[in-house]
Amino acid sequence: MRSVKVYEEAWPLHSPFVISRGSRSEACVVVVEIEEDGVKGVGECTPYPRYGESLASVMAQVMTLVPELQQGLTRDALQNRLAAGAARNAIDCALWSLESAKQQRALPDLLDITLPSMVVTAQTVVIGEPEQMAASAKALYDAGATLLKVKLDDRLISERMVAIRSAVPDATLIVDANESWHSEGLAARCQLLADLNVAMLEQPLAAKDDAALKNFIHPLPICADESCHTRESLGELKGRYEMVNIKLDKTGGLTEALALAHEAKAQGFALMLGCMLCTSRAINAALPLVNQVSFADLDGPTWLAVDVSPALHFTTGTLHL
C-alpha cells in the first residue's frame, strides 16, 4: 500500500509580485507526496483564486482521494476523478514523479524527450508607473533577460509601453493584460503594441468576453490564458486566438498538458508554457513541454527568497538545465 502526505507551504517572495488583481508577498502551494516500496514522488500546485481555488479547497479536494491513492489510483483514473485544476495537478505530478523515481529515469527521459541545455524564459515586469516599469525592464535586460513579459492593467497603456520600449529597444516584449481590457479601444491598443514591435498579447479581455475576438482583425498574435484550460477549451478559441498558454495548474497536471499541447498544435495554435508563483518542483514537472513552445514563461521560482532544494539553476532570463 502507498503512503500519502498532503501539506501546505508558504514561500516568501524577495519583493512583492504585482498583477492587475493585487499584490502578493508569498507563494502558497500545496504539496502531495506519494511513497511506494520505499520510493517517493512529489507534486506541487498553486491554488488560484481566479478559478475559485484556495489552499483550503484544494487541500480538501486532494484529501478526498487519499484512500484511492493509497490503494493504487493511476494517472489515467485520476483524470476522471477530479476536474482540471490545481488539486489534480499536484496529484498527477506526484504520480509522474513516483514513476520517474521507480524507473530511476528523469521525467523527460521517461517520455523520450531530450531537453536543451538552456531555456530562455520571460522575466516579468510588474505593474507600476511608466518610469518604474521602464527602469525595471532596463535592469532586467542589462542583467541578461532578452524576453520580457510586461504586466498591464487598464491604465496608462501608451505611456507605459512607450517608456519600456524606449528603455529596451532590442528586447523581445510580450504583454499580459490579465483580462483587464475591454473590446472598446482594443483595436487601437493592438495597433500600438504592433507599432512598438510587441511579439504577442496575452488575454486582453475577460474569458467571458471572448466572443468579441471572433473575426477581430489584429496585427499581432493574441494568446489565450484564462480562456484555455484543457483540450475542451480549444473549440471556442478557434478564430479568436492564435496561441494558448499551457499551465499545469490549469490543465490539472502533465497528463492533460501533454494532450492539450498535441491537440492545440494539430489545430494550428502556437504554444506558450507558463507557471504560477511556485517552486522549482512545479517547473521541473512542466519541463517535458519546453521543446514545443514559442515562449516559455517559467520565472515563478525567481521571485522566491528561498527555493526548494535541489533548486533549478536560473540566471536572469535563462533556465539552465
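Contact here means heavy atoms within 4.5 Å. Keep that in mind as you click around. What you have open is a predicted model, where local features need pLDDT of at least 70 and side-chain atom pairs count only at pLDDT 80 or more, while totals for chains, interfaces and linings use all residues. Residues are numbered from 1 along each chain as its sequence is written, and side-chain values use heavy atoms, with hydrogens and water left out.

**The whole chain**

Start with everything selected and a cartoon view. The chain has twelve helices and 14 strands; helices (H or I, at least four residues) and strands (E, at least two) are DSSP runs, numbered from the N terminus. The radius of gyration is 19 Å, close to the 20 Å that the globule rule gives for 321 residues, so the chain is as compact as a globular protein of that length. (That radius is taken over C-alpha atoms, and the rule is 2.2 Å times the number of residues to the power 0.38.) Along the principal axes, the C-alpha atoms fill a box of roughly 60 × 40 × 35 Å.

Now try a surface view. Of the 321 residues, 54% are buried. Buried means under 20% relative accessible area, exposed over 50%, and partly exposed in between (1.4 Å probe, protein chains only).

**Stop 1: helix H1**

Select residues 55-64, which form helix H1. Which residues of H1 are buried? They are Val58, Met59 and Val62. Look down the axis of H1: the buried residues fall within an arc of 100°, so they line one face of the helix. The arc is that of the directions from the helix axis to the C-beta atoms. Turn to the other side of H1 and you'll find Ala56 and Thr64, which are exposed.

**Stop 2: helix H7**

Next, select residues 157-167 for helix H7, where Ile157, Arg160, Met161, Ile164 and Arg165 are buried. Down the axis of H7, the buried residues fall within an arc of 120°, so they line one face here too. What covers the buried residues of H7? The cover includes helix H6 (130-142), strand S6 (147-151), strand S7 (172-176), helix H8 (186-195) and strand S8 (198-202).

**Stop 3**

Most residues other than glycine have a negative phi, and most peptide bonds are trans. Here are some spots to check against that.

- Glu179 sits in the loop between S7 and H8. Its phi is near 65°, a positive value in a residue other than glycine, and Glu179 is buried at a relative accessible area of 12%.
- Asn215 lies in the loop between S8 and S9. Its phi is positive too, about 60°, although Asn215 is not a glycine. Is Asn215 buried or exposed? With 66% relative accessibility, Asn215 counts as exposed.
- Pro310 is in the loop between strand S12 (295-296) and strand S13 (313-315). Zoom in on the peptide bond from Ser309 to Pro310, which is cis, with omega near 0°.

**Stop 4: buried loop residues**

Select Arg240, in the loop between H9 and strand S10 (243-246). Arg240 is buried, at 14% relative accessibility. Leaving out residues up to four places away in sequence, Arg240 touches Asp210, Ala211, Leu213, Lys214 and His218. Phe216 is 24 residues from Arg240 along the chain, and their C-alpha atoms are separated by 7.3 Å.

Move on to Thr230, between strand S9 (222-224) and helix H9 (234-237). Thr230 is buried, with a relative accessible area of 12%. Beyond its neighbours within four places in sequence, Thr230 is in contact with Ala84, Lys250, Thr251, Glu256 and Leu260.

Then pick Gly274, in the loop between strand S11 (270-273) and helix H12 (280-286). Gly274 counts as buried, at 5% relative accessibility. Not counting residues up to four places away in sequence, Gly274 touches Asn245, Ile246, Lys247, Asp297 and Leu298.

**Last stop: strand S1**

Finish at Lys5 in strand S1 (residues 3-19). Apart from its neighbours within four places in sequence, Lys5 is in contact with Val31, Val32 and Glu33. Draw a distance line to Ala90: C-alpha to C-alpha, Lys5 and Ala90 are 12 Å apart in space, and 85 residues apart in sequence.
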